[in-house]
Amino acid sequence: MPFNFRKTLIVMELIFQDVLKTNFVIPLYPTTFREAIIPVPTPLGVTDLPPNIYFDLDNRFNVEQEQRIRGAISETMLVWATHMNEKWNGGTNTGISQMAACINIYATQNLSPAWYNSESPIQNGLTATNIAMDQFTQLIRDNGFRRSPRAKIFAAPLNNNTIVFALTAFTQNFVPLSFIVDPTLIDIATLNFITGSMMHSWLHCAGFFDPNTTSYFNTECSMCVMRGFRPKNPDMPDNLYYQFFE
């Protein structure tokens, strides 16, 4: 695999941003940005949400690519909001969302995010989904209320067929929602695959590791999103999906 110089420079910048929790990082991969403002849905039972989340979008993206990125971010938040609405279940907060039901069937490994330090291990995909979506709420609040460093979306080629790439966070608070998006693949991939790759990256920001292997939480969650929460189809093996993750 050839060395990806541009991606490496951006990853170094993202590591500095995440570790130092600051906007003032030496630009190792100089580019200019424009702000993208994306409305936040309001699921039942979730309070103290910002009206919008904010991204500094690499000016290398054209208008059509920006719309596809915006669409994938909005779809990812819609998945989060739908889960929270279905879990709310008339105020009992005990409902099982379509997403959680799908993930619970398939996810059995790497159920705990990096920052999870409870003495009680996470036992199943259902519990892991609820924890992950609660962490999405934290990511959205920190971004929308400008508590976390400014989220940057860089344009750069990625490895294999990866559409969106993000670092795995080791903390719960003030995590920058920063990504790298491959502009070539964003042009040709379908929205469900872009959204699945975006979900995969958000789960990294929420603290979830993988490898991209069957039964791992991040991979199974993202594949459930790509399939619209339908059961697996033997004609569509898992490796056709997780080639889009990194």
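Two strands count as paired if DSSP finds at least two bridges between them. Helices (H or I, at least four residues) and strands (E, at least two) are DSSP runs, numbered from the N terminus. What you see above is a predicted model, where local features need pLDDT of at least 70, side-chain atom pairs count only at pLDDT 80 or more, and totals for chains, interfaces and linings use all residues. Residues are numbered from 1 along each chain as its sequence is written, and side-chain values use heavy atoms, with hydrogens and water left out.

I'll begin with the sheet. It is open and has five strands, in the order E1-E2-E3-E5-E4, with mixed pairing. At the edges are strand E1 (33-39) and strand E4 (164-165), each of which pairs on one side only. Helix H4, residues 125-144, packs on this sheet and touches strand E2 (52-58) and E3; contact here means heavy atoms within 4.5 Å. The direction of H4 makes about 75 degrees with that of E2. Axes are lines fitted to C-alpha atoms, for helices over the stretch in contact, and angles run from 0 to 180 degrees between N-to-C directions.

Now strand E3. E2 and E3 are parallel and share three bridges; Phe55 has Ala151 of E3 as its bridge partner. E3 (residues 151-155) also runs parallel to E5 (residues 179-181), again with three bridges.

How many of the residues of E3 are buried? Five of its five are, where buried means under 20% relative accessible area, exposed over 50%, and partly exposed in between, with a 1.4 Å probe and protein chains only. Ala151, Ile153 and Ala155 point one way, Lys152 and Phe154 the other, and all are buried.

H2 covers residues 63-88 and includes Gln65. Gln65 has a relative accessible area of 6%, so it counts as buried. Its side chain makes a polar contact of 3.1 Å with the side chain of Asp187. A polar contact is a pair of N or O atoms within 3.5 Å; within protein, one must be able to donate a hydrogen and the other to accept it, and residues adjacent in sequence count only if both atoms are side-chain atoms. Apart from neighbours within four places in sequence, Gln65 also touches Arg60, Pro183 and Ile186, among others.

Leaving out residues up to four places away, Thr76 contacts Phe136, Thr195, Met198, Met199 and Trp202.

Helix H6 (residues 191-205) packs against helix H7 (residues 217-226) at about 150 degrees, with the axes 8 Å apart. H6 is therefore roughly antiparallel to H7; angles under 35 degrees count as roughly parallel, over 145 as roughly antiparallel, 65 to 115 as roughly perpendicular and the rest as oblique. The residues making the contact include Thr195, Met199 and His200 of H6 and Phe217, Cys221 and Val225 of H7.

Last, two loop residues. Asp48, in the loop between E1 and E2, is not a glycine but has a positive phi of about 55 degrees. Phe174, in the loop between E4 and E5, is not a glycine either, and its phi is positive at about 60 degrees. Asp48 is partly exposed at 47% relative accessible area, and Phe174 is partly exposed at 40%.
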